Amino acid sequence: MAILQPRKLKYQKRFTGRSKGLSTRGTKLVFGSYGLKCLETKWITAR
């Protein structure tokens, strides 16, 4: 009976950080007069 172990990976996936709390940087409008506002905390991807 073999001991259960994770298999060896060539490139190990690192833990992604947690997005929590309200942002303090980049909250002011710089260009234009319209902006987007998030209603919940999520990651924003390029897709």
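Trainee: What volume does the largest pocket have?
Mentor: This is a predicted model. In it, the largest pocket comes to a volume of about 580 Å³.

Trainee: Which residues are closest to the centre of the largest pocket?
Mentor: The lining of the largest pocket holds 18 residues. Closest to the centre are Ser23, Gly26, Thr27, Lys37 and Cys38.

Trainee: How many residues of each class are in that lining?
Mentor: Gly counts as polar here, and Cys as nonpolar. On that basis the lining of the largest pocket has five charged, six nonpolar and seven polar residues.

Trainee: How many helices and strands does the protein have?
Mentor: A helix needs at least four residues and a strand at least two. The secondary structure then comes to zero helices and zero strands.

Trainee: What share of the residues is buried?
Mentor: Buried means under 20% relative accessible area. The protein has 47 residues, and the buried share is 0%.

Trainee: Is Trp43 buried or exposed?
Mentor: The cut-off for exposed is over 50% relative accessible area. Trp43 has 62%, so Trp43 is exposed.

Trainee: Which residues does Trp43 contact, leaving aside neighbours within four places in sequence?
Mentor: Start with Arg18, 25 residues from Trp43 in sequence. Their C-alpha atoms are 9.4 Å apart in space. Contact requires heavy atoms within 4.5 Å. The residues in contact with Trp43 are Gly17 and Ser19.

Terms used: Residues numbered from 1 in each chain as written. Predicted model: local features only at pLDDT ≥ 70, side-chain atom pairs only at ≥ 80, totals over all residues. Heavy atoms only, no water. 1 Å grid on protein atoms, 1.4 Å probe; cavity = no way out; pocket = protein on both sides within 12 Å on 5 of 7 lines; lining within 4 Å. Points joined across faces, edges and corners; volume = space filled by probe spheres on them. Buried < 20%, exposed > 50% of the residue type's maximum accessible area, 1.4 Å probe, protein only.
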